[in-house]
Amino acid sequence: ITTTLSPILATLLSVVVFGARLSRLECIGLGIGLISGIFFISGKGTLFDSFNLFFMLAAFLWACVTLSVRKLPLHPLVINFYSALISAVLFVPFLQSADFTIFTEGESLGMLLIIALLSTVFGTSIYYKGIEVVGITKSASFTLLVPFFAVLLSFIILGEKPEISTAIGGILAIIGIYLISLYNKKHFRFLGRFLRTLREKS
């Protein structure tokens, strides 16, 4: 829910706050992205139950972060450092009830390092840099791929079989991102030439 709604909310907020203008393809792509999110959450309770509402709030907050990053005159790594530092300070009171035995387990410690390095350091920093370079709508649209890759990796690593609705949601997310960020008429001219070549050879 969060990764599906956050790019849509970030785009809407950029229109309201910054006066951004959207192309027709961007509007269509965001609409397809919203539909993909519906497929991702289908079968997981009603849309407006307390669990989903919590993640909708998270999506709104993440959209606010996206807009803030766009206006901050700082390097993405600096932004990421301070956001992580402030978050760590805010969570200190909750550490009293934390279970630190996880740091004695090699596998768990390895997973924590992967989360810290790949997600927090590299992933988030690249996302912040993308906001600076290509703008809010195009960079935020790629978060639509998060649930798709989560399902794909869970299938490869954990052997979990995805539902049909999840597969449809993933395909729609890719189509939405293509229309928002990657669409080019040359792609279809190349595809047309490729199909004609196949017909001639057959």
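Keep in mind that the model is predicted.

**The chain as a whole**

- Of the 202 residues in the protein chain, 27% count as buried.
- The accessible surface comes to about 13,600 Å², and carbon and sulfur atoms own 74% of that surface.
- Take the contacts with a separation of 6 or more: 78% of them link residues 24 or more positions apart.

**α1 against α3**

- Helix α1 covers residues 2–18, and its axis comes within 8 Å of the α3 axis, with a crossing at roughly 50 degrees.
- That angle makes α1 oblique to α3, and the crossing is right-handed.
- On the α1 side, the contact is made by Thr2, Leu5, Ser6, Leu9, Ala10, Leu13, Ser14, Val17 and Phe18.
- On the α3 side, look for Phe55, Met56, Ala58, Ala59, Phe60, Trp62, Ala63, Cys64, Thr66, Leu67 and Lys71.
- Sorted by type, the residues of this α1 with α3 contact come out as 15 nonpolar, four polar and one charged.

**α3 against α5**

- Helix α3 (residues 50–71) also packs with helix α5 (residues 106–134), at an angle of about 60 degrees and with the axes 9 Å apart.
- That makes α3 oblique to α5, and here too you are looking at a right-handed crossing.
- From α3 come Trp62, Val65, Thr66, Val69 and Arg70, and they meet Thr124, Tyr127, Tyr128, Ile131 and Glu132 in α5.
- The residues of this contact split into six nonpolar, two polar and two charged.

**α4 against α5**

- Helix α4 spans residues 76–91, and the axes of α4 and α5 come within 8 Å, crossing at roughly 125 degrees.
- The two helices are therefore oblique to each other, and α4 passes α5 in a right-handed crossing.
- Pro76, Leu77, Ile79, Asn80 and Ser83 are the α4 residues in the contact.
- The α5 residues in it are Thr120, Val121, Thr124, Ser125, Tyr128, Lys129 and Glu132.
- By type, the α4 with α5 contact holds five nonpolar, five polar and two charged residues.

- Thr66 sits in helix α3, and it is named both in the contact with α1 and in the contact with α5.
- Is Thr66 buried or exposed? Thr66 counts as buried because its relative accessibility is 1%, and the cut-off for buried is under 20%.
- Leaving out residues up to four places away in sequence, Thr66 touches Ala10, Tyr127, Ile131 and Ile136.
- Val78 belongs to helix α4, and with 32% relative accessibility it counts as partly exposed.
- How far is the C-alpha atom of Val78 from that of Ser125? The two C-alpha atoms are separated by 8.9 Å, although the residues are 47 apart along the chain.

Methods. Residues are numbered from 1 along each chain as its sequence is written. This is a predicted model: local features need pLDDT of at least 70, side-chain atom pairs count only at pLDDT 80 or more; totals for chains, interfaces and linings use all residues. Side-chain values use heavy atoms; hydrogens and water are left out. Axes are lines fitted to C-alpha atoms, for helices over the stretch in contact, and angles run from 0 to 180 degrees between N-to-C directions. Helices (H or I, at least four residues) and strands (E, at least two) are DSSP runs, numbered from the N terminus. Angles under 35 degrees count as roughly parallel, over 145 as roughly antiparallel, 65 to 115 as roughly perpendicular and the rest as oblique. A crossing is left-handed if the near helix is turned anticlockwise from the far one by less than a right angle, and right-handed if clockwise. Contact means heavy atoms within 4.5 Å. Ala, Val, Leu, Ile, Met, Phe, Trp, Tyr, Cys and Pro count as nonpolar, Asp, Glu, Lys and Arg as charged, and the others, Gly among them, as polar. Buried means under 20% relative accessible area, exposed over 50%, partly exposed in between (1.4 Å probe, protein chains only). Accessible areas come from the Shrake-Rupley method with a 1.4 Å probe; for residues, only the protein chains shown count as cover.
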